[in-house]
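This briefing is meant for a reader who is meeting the structure for the first time.

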Amino acid sequence: MRELRVFHGMFEMAGQAFYAVKGLKQMGIKTTHMIWRSNYANFGYGVSLNIYRKKWYLYPYYLLKVAFYELKILREHNVFHFHTGSSLLLNYDLWLFKLLHKKVFAEFHGSELRDYADAEKVNPYILTQDFVSGLEKRKKKVEKICRYADGVILHDDELIPHLPANAKNIFVVPLRVDLKKFTPCYVPAEKEKICIVHAPSNRKIKGSGQVIEAIEALKKKYQIEFILVENKSQKEAKEIYEKADIIVDQLKIGIYGVFAIEGMALGKPVVTYILDDMQECLPEELPIVSANPDTIEDVLEQLILDGKRRRELGIAGRKYVENYHDCRKNARMLYEVYTGKIQPIKGREAFAHAAQMQK
């Protein structure tokens, strides 16, 4: 293959495009990162088109802008990595990418792919009415990009059952963070007042109601400071996470996400619901404490009472992230995907392969 020139767009999901681009650039690969618009989380990006749906009076200008950038990226790149299943021209241009012999990869992050009715059959804590609607529209969008994509990229095996039948060449590349941004601050084994932090992007999906109920019950017996983090920039949120003695991620989906990884990178014990089936697909040494809406109070109480375990979990969590979620390692894995140096891979084998990558 000729020299790689990689494009990432058009959405930013918890820094996954940003971290991928950062890792690829450090490898010396020309990479562009373009998004529709920035958001409160304030992850970095290369180009923001500043396109907003509500500003309908600007649509003619937006159309000209998108057409200009479409021609520009087609001329300057030979690998296209689209996040959440959408290209610059909302997938109407996918035929053109193939006509021009461009490589296309689709990375999915969760709600844009997951069929919650199917998920509810294997996970009693997912209630379909709590989650996003518009399933048929989302399915058609996903099917279209999978028809043209040379490969599909996922973070773990949880989303594999939700892929359409036409999806081919499925690669699990673990979630990524920039470890240089996270200096571990391990929790003390002895502490009277325990700080518990929960940062939901969506309260229903994350099971925030049950987290809050559990905290209120435990406050009657223990000294607890509870911090609910919402609508904060990445910098503001991280400053709060650093204070935590326990981090609670989500209680319903059944797999861990970026918030859990950030918590582990900071050396904090992390509580998240992990489905039994997913435990078999993840590294055996996963140090996350699994809890669901029925068990969250008991799990938190055990951690409150066991300072030594909190500290040990934090130390193990940092090592786990260093092994499997370093954006520099996983960028090398993406490079192998783009260049065909690796065959489709999933499960523990994918995580083991990521761990072997050199920074």
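In helix H9, the residues Ile 261, Met 264 and Ala 265 meet Gly 314, Gly 317, Arg 318, Tyr 320 and Val 321 of helix H12. By class, the residues of this contact of H9 with H12 divide into five nonpolar, two polar and one charged. The model is a predicted one, and the points below should be read with that in mind.

**Helix contacts**

- Helix H9 covers residues 258–265 and helix H12 covers residues 307–324, and their axes come within 7 Å of each other while crossing at roughly 115 degrees.
- H9 and H12 are therefore roughly perpendicular to each other, and the crossing in which H9 passes H12 is left-handed.
- Helix H11, made of residues 296–305, also has an axis that comes within 5 Å of the axis of H12, and these two cross at roughly 100 degrees, which means that H11 is roughly perpendicular to H12.
- On the H11 side the contact is made by Gln 302, Leu 303, Ile 304 and Leu 305, which meet Gly 307, Arg 309, Arg 310 and Leu 313 in H12.
- The contact of H11 with H12 has four nonpolar, two polar and two charged residues.

**Salt bridges**

- Side chains of opposite charge can pair when their charged atoms come close.
- In this model the count comes to 19 salt bridges, and a few of them are described here.
- Lys 191 forms a salt bridge with Asp 245, with 2.8 Å between the closest N and O atoms.
- That pair links distant parts of the chain, 54 residues apart, since Lys 191 lies in the loop between strand E7 (170–172) and strand E8 (194–198), while Asp 245 lies in the loop between helix H8 (234–241) and strand E10 (246–248).
- The two partners stand on opposite sides of the 20% cut-off for burial: Asp 245 counts as buried because its relative accessibility is 2%, whereas Lys 191, at 38%, counts as partly exposed.
- Glu 216 forms a salt bridge with Lys 219, in which the closest N and O atoms are 3.9 Å apart; Glu 216 is partly exposed, with a relative accessible area of 41%, and Lys 219 is likewise partly exposed, at 36%.
- Salt bridges that share partners also join Lys 22, Asp 178, Asp 326 and Arg 328 into one network.
- Glu 76 and Arg 75 form a further salt bridge, with their closest N and O atoms 3.8 Å apart, and Arg 75 is exposed, with a relative accessible area of 58%.

**Backbone and loop residues**

- A cis peptide bond, with omega at about -5 degrees, joins Gly 9 and Met 10, and Met 10 lies in the loop between E1 and H1.
- Gly 15 is found in the loop between strand E1 (5–9) and helix H1 (16–26), where this glycine is buried, with a relative accessible area of 0%.
- Although Gly 15 and Gln 234 are 219 residues apart in sequence, their C-alpha atoms are 9.6 Å apart in space.
- Asn 50, in the loop between strand E3 (47–48) and helix H2 (59–76), has a phi near 50 degrees, a positive value in a residue other than glycine, and is partly exposed at 38%.
- Asn 169, in the loop between strand E6 (151–154) and E7, has a positive phi near 55 degrees, again in a residue other than glycine, and counts as partly exposed at 36% relative accessibility.

How values were computed
Residues numbered from 1 in each chain as written. Predicted model: local features only at pLDDT ≥ 70, side-chain atom pairs only at ≥ 80, totals over all residues. Heavy atoms only, no water. Salt bridge = Lys/Arg side-chain N within 4 Å of Asp/Glu carboxyl O. Buried < 20%, exposed > 50% of the residue type's maximum accessible area, 1.4 Å probe, protein only. Helix = DSSP H or I, 4+ residues; strand = E, 2+ residues; numbered from the N terminus. Axes fitted to C-alpha atoms, helices over the stretch in contact; angles between N-to-C directions. Parallel < 35°, antiparallel > 145°, perpendicular 65-115°, else oblique. Left-handed = near helix turned anticlockwise from the far one by under 90°. Contact = heavy atoms within 4.5 Å. Nonpolar A, V, L, I, M, F, W, Y, C, P; charged D, E, K, R; others polar.
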